Amino acid sequence: MARPACPGTDELHVMTAKHELFRSLHVPGTPLRLPNAWDVASARVIEDAGAQAIATTSAGVAWGMGEPDGDRLEPARILDLMARIAGKVEVPVTADIESGSDNVGEFVTGLWQAGVVGINIEDGARPPAELAARIRIAHEAAPELFINARIDTFLFGLGDPETRLQATVDRAAEYISAGASGIFVPGVTDLATIETLASAISAPVNTMAGFGAPSVDAQAEVGVARVSLGGGIAGAAYALARDSAHELLSRGTYSLLGNQFDYGLLNKLLS
């Protein structure tokens, strides 16, 4: 895996400052709002909209590289993209690395050297001990990295529904003990369940927003510290591409193109 050059003293000061800023933004009751990016242009647009940090979406990143979502991308390709995003934005960047890699220590070291201050790493259907081991390695390799451990019990409907909530809390405790900085539980839309998770987990809790999820304000009231959109914006962008193409091909009209991002501004953001 190709690594970026090791940062110099000034770059390390900047990285430390961004790391501290990113960590400080995780406040229960005042959630960090993260509209997820998938390439350099979307990251700059989201930063220009006022985002306090940039989070990537593994689904959007994979689609943009011509691959399906689900641990299909080699770490080197992710590392290259994250270095380009971190080099173009001023705010902290956190990268979705899915389950990590078999060499997660080298991977996260490369991300840190590239200017990334946080990661999302997920358990999926794997045994919790496997993710805990990877978190431990990642934390030892890059101690300042904000490790957001994603628990997929609700997203994938894992285990007995009657014990799923407690199983999630138990996994969270295991991951925090291994070095996780925060806990991400996508797939939960019931506010009472979200409140229980936020109160039972001893680290900042992240949820995934979307249709059917409680508002950010409602989640703030029950102690959520971070709300992200996952692949939602990327999916909406591809839906617009499909619908605009269909309109042109079927009716010969272009009404859906009336809300384009300003050409000159986008060029300016990327210059």
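In helix 5, the buried residues are Val104, Gly105, Phe107, Val108, Thr109, Gly110, Leu111, Trp112 and Gln113. Nine of the ten residues of this helix, which runs over residues 104–113, are thus buried, and the helix is mostly covered. Glycine 115 follows helix 5 and has a positive phi, near 105 degrees. The structure discussed here is a predicted model.

The setting of this helix is a protein with eleven helices and eight strands. For 271 residues, a compact globule would have a radius of gyration near 18 Å, and the value of 19 Å found for the protein agrees with this. The C-alpha trace spans about 55 × 50 × 35 Å along the principal axes. Of the 271 residues in the protein, 46% are buried. Among contacts with a separation of 6 or more, 67% are accounted for by residues 24 or more positions apart.

The surface may be considered next. The protein exposes about 12700 Å², and 55% of this area is supplied by carbon and sulfur atoms. Its charged side chains comprise 19 positive and 33 negative ones, and the centres of these two sets lie 4 Å apart.

The aromatic rings give a more local view. Ring centres must lie within 6.5 Å to form a pair, and by this rule the count comes to two aromatic pairs. In one of them, the rings of phenylalanine 22 and phenylalanine 146 have centres 5.4 Å apart and planes at 80 degrees; the pair is therefore edge-to-face, since planes over 60 degrees apart are classed in this way. Phenylalanine 22 belongs to helix 1 (residues 9–24) and phenylalanine 146 to strand 5 (residues 146–150), so the pair ties together parts that are 124 residues apart in sequence. Both phenylalanine 22 and phenylalanine 146 are buried.

The rings of tryptophan 63 and tyrosine 238 also pair: their centres are 6.1 Å apart and their planes stand at 80 degrees, so this pair is edge-to-face. Here, too, distant parts of the chain are linked, with tryptophan 63 in helix 3 (residues 58–64) and tyrosine 238 in helix 10 (residues 232–251), 175 residues apart. Tryptophan 63 counts as partly exposed because its relative accessibility is 38%, a value between the limits of 20% for buried and 50% for exposed. Tyrosine 238, with a relative accessible area of 37%, is likewise partly exposed.

Notes: Residues are numbered from 1 along each chain as its sequence is written. This is a predicted model: local features need pLDDT of at least 70, side-chain atom pairs count only at pLDDT 80 or more; totals for chains, interfaces and linings use all residues. Side-chain values use heavy atoms; hydrogens and water are left out. Helices (H or I, at least four residues) and strands (E, at least two) are DSSP runs, numbered from the N terminus. The radius of gyration is taken over C-alpha atoms; the globule rule is 2.2 Å times the number of residues to the power 0.38. Buried means under 20% relative accessible area, exposed over 50%, partly exposed in between (1.4 Å probe, protein chains only). Contact means heavy atoms within 4.5 Å. Accessible areas come from the Shrake-Rupley method with a 1.4 Å probe; for residues, only the protein chains shown count as cover. Lys and Arg count as positive and Asp and Glu as negative; His and the chain ends are not counted. The place of a charge is taken as NZ of Lys, CZ of Arg, CG of Asp or CD of Glu. Rings of Phe, Tyr and Trp (its six-membered ring) pair if their centres lie within 6.5 Å; planes under 30 degrees apart count as stacked, over 60 as edge-to-face and the rest as tilted.
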